[in-house]
Amino acid sequence: MPEQTFDVVILGGGSGGYAAALRSVQLGFSVALIEKNKLGGTCLHVGCIPTKALLHSAEIADAARDSSKYGVRSTFDGIDIAGVTAYRQEVVSSKFKGLTGLLKMRGITVVEGEGRLVAPNTVEVAGTRYTGKNVILATGSYSRTLPGLDIGGRVITSEQALELDFVPKKVAVLGGGVIGVEFSSVWKSWGADVTIIEALPHLVPNEDEAISKQFERAFRKRGINFKVGVRFQGVTQNDEGVVVTLENGETVEAELLLVAVGRGPVTQGLGYEEAGIAMDRGFVLTNERLATNVPGVYAVGDIVPGLQLAHRGFQQGIFVAEEIAGLNPVVIDDVNIPKVTYSDPEVASVGLSEAKAKEVHGADNVSSYDYNLAGNGKSHIIGTSGLIKVVRVNDGPVVGVHMIGARVGELIAEAQLVVNWDAHPEDIAPLLHAHPTQNEALGEAFLALAGKPLHAV
Ligand SMILES: Cc1cc2nc3c(=O)[nH]c(=O)nc-3n(C[C@H](O)[C@H](O)[C@H](O)COP(=O)(O)OP(=O)(O)OC[C@H]3O[C@@H](n4cnc5c(N)ncnc54)[C@H](O)[C@@H]3O)c2cc1C
């Protein structure tokens, strides 16, 4: 059997895998990157990028509808889904072209085909063996469903939701986490009637409770229906639509049911267990340095338990390349990874929620401050309401920042620096925020926590 050897063999060319490949060649390693589908993986083709294109189209629909508020005459005539699709595909294909060119230019050997780990240091693809001094597993994730809930027909996942060639009139969405609320937001802006079903007590349930509650108020105001704290029981479908039954006996009728209940790891049948790699419910277990229990085998991205985010995958890929090179990179702590929910409104957060901070540091040692975006000039100009909540340890650093409002995702950059650099509000207070920006709202919150609020009480 033909065999090729490399310093690093990477299985899976999504965010985690390709970042590992790019950093590895930068460090002087020879690299094989094996991908069965398209380089860029979930994020580029069916995740982050195409969904944000839909959200931008949704934002423009809302702007057209609301334009008279700003003295602009326009009318919203509806959504040209073929136009939206062409725009979305253009964005994805241009980024795909850029990525493919970059990987080629850097001298990475891209192997097209389905790989299987046949020995701890060897991946086999269509009869050729690729042996690495080190192997990085980066096979990503797929849309999960619930036991007994079959995907098909009018019951769809985010992959099919992206590809719809019509705007549904009425949709039910199972799951009020990031993916569920992003699609709900898009469909509502496009004119659909949307109902979200979430088993946990709140929408965006992983956020600080103050933010989840405000998010629910904002969705209610937009006319997005939701049922929280209630579990899904079953669904039937026919030519007309679906009927979703909940455990409390209620039913929701709709044209489609989007199942957005999380993502499972793509690890089955790939030879991981046979190679002796420790796994838990399909996820690959690693230590904090992303090494599996098998020497020379690492894992990155969505197959590693924790937050399933593209930038976590990128950073883990970079980390492992540097680890292999002996550079002793800094461990990535999930809690301080910035998170953004890109709906209308946006939610952005980093670090500990107030409740968690109290648990970790003691209830009496933690203070928080809520800055209402009503006091922020730029937020008023763009017509958004919202909140910035900052959590600190008394006489200590900022340990959490939680935000809601239009465009707050762009504010997470400063928030994550503050939290990750253990800055105290007193350190930040003398630093300026340009006026008028939404960033000022963060500045105001830090000023308040430092005991010298300017435009707030
Ligand atoms: C609708 C949606 C929206 C999202 N939005 C965001 C967002 O806004 N921001 C964000 O940070 N994250 C977002 N995510 C999550 C993000 O897409 C993932 O966290 C990220 O793609 C994980 O990267 P990965 O490299 O672990 O896996 P993937 O991107 O899934 O890549 C894995 C790759 O491995 C390949 N592969 C699998 N098995 C084999 C095999 N046997 N042989 C060869 N190749 C194989 C696959 O084809 C795939 O290309 C979103 C996800 C979805 C579904």
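A residue counts as buried if 20 or more other C-beta atoms lie within 10 Å of its own, and the legends below apply this cut-off to a predicted model.

View 1. The backbone of Leu290 has a phi near 65°, a positive value in a residue other than glycine. Most residues other than glycine have a negative phi. Asn287 is likewise found in the loop between strand S18 (283–284) and strand S19 (297–299), but Asn287 is exposed, with 10 other C-beta atoms within 10 Å. From Asn287 to Lys356 the C-alpha to C-alpha distance is 23 Å, across a sequence separation of 69 residues.

**View 2. Helix H3 and its buried face.** Helix H3 has 19 residues and reaches 27 Å from its first C-alpha to its last, close to the 27 Å expected at 1.5 Å a residue. The buried residues of H3 are Pro50, Thr51, Ala53, Leu54, Ser57, Ala58 and Ala61, and, seen down the axis of H3, they fall within an arc of 155°, so they line one face of the helix. Covering these buried residues are elements that include helix H2 (41–46), H4, helix H5 (158–163) and H6. His56 also has its place in helix H3, where it counts as partly exposed, with 16 C-beta neighbours inside 10 Å. His56 and Asn248 lie 36 Å apart in space, C-alpha to C-alpha, and 192 residues apart in sequence.

**View 3. The packing of H3 with H4.** Helix H3 (residues 48–66) and helix H4 (residues 81–105) pack with their axes 9 Å apart and at an angle of about 140°, and H3 passes H4 in a right-handed crossing. On the H3 side the contact involves Ile49, Pro50, Ala53, Leu54 and Ser57, which meet Val84, Tyr87, Arg88, Val91, Val92 and Lys95 in H4. By class, the residues of this contact of H3 with H4 divide into 8 nonpolar, 1 polar and 2 charged.

**View 4. The packing of H3 with H6.** The axes of H3 and helix H6 (residues 178–189) come within 8 Å and cross at roughly 35°, and here H3 passes H6 in a left-handed crossing. Thr51, Leu54, Leu55, Ala58, Ala61 and Asp62 of H3 make the contact with Glu182, Ser185, Val186 and Ser189 of H6. The residues of the contact of H3 with H6 divide into 5 nonpolar, 3 polar and 2 charged.

View 5. At 1.5 Å a residue, the 13 residues of helix H7 (residues 209–221) should span 18 Å, and the end C-alpha atoms of H7 are 18 Å apart, which agrees. Ile211, Ser212, Gln214, Phe215, Ala218 and Phe219 are the buried residues of H7, and they fall within an arc of 165° when seen down the helix axis, so they line one face of H7. These buried residues pack against strand S11 (225–228), strand S21 (346–351), strand S23 (387–393) and strand S24 (398–405). The face turned away from the buried side of H7 carries the exposed residues Arg220 and Lys221. H7 is followed by Gly223, whose phi is positive, near 80°.

**View 6. Helix H13 and its surroundings.** Of the 11 residues of helix H13 (residues 439–449), 10 are buried, so H13 is largely enclosed by the rest of the structure. The buried residues of H13 pack against strand S22 (366–372), helix H10 (377–382), S23, helix H11 (412–420) and helix H12 (425–428), and among them are Leu442, Phe446 and Leu449. Just after H13, Gly451 takes a positive phi of about 85°. In the loop between H12 and H13 lies Pro436, and the peptide bond from His435 to Pro436 is cis, with omega near -5°.

**View 7. Further backbone features in loops.** A cis peptide bond, with omega about 5°, joins Asp344 and Pro345, and Pro345 is found in the loop between strand S20 (339–341) and S21. Most peptide bonds are trans. Asp422, placed in the loop between H11 and H12, has a phi near 50°, a positive value in a residue other than glycine. With 13 C-beta neighbours inside 10 Å, Asp422 counts as partly exposed.

Definitions and conventions
Residues numbered from 1 in each chain as written. Predicted model: local features only at pLDDT ≥ 70, side-chain atom pairs only at ≥ 80, totals over all residues. Axes fitted to C-alpha atoms, helices over the stretch in contact; angles between N-to-C directions. Helix = DSSP H or I, 4+ residues; strand = E, 2+ residues; numbered from the N terminus. Left-handed = near helix turned anticlockwise from the far one by under 90°. Contact = placed C-beta atoms within 7 Å. Nonpolar A, V, L, I, M, F, W, Y, C, P; charged D, E, K, R; others polar. Expected span 1.5 Å × (residues − 1). Buried ≥ 20, exposed ≤ 12 C-beta atoms within 10 Å, placed from the backbone. Arc of directions from axis to C-beta.
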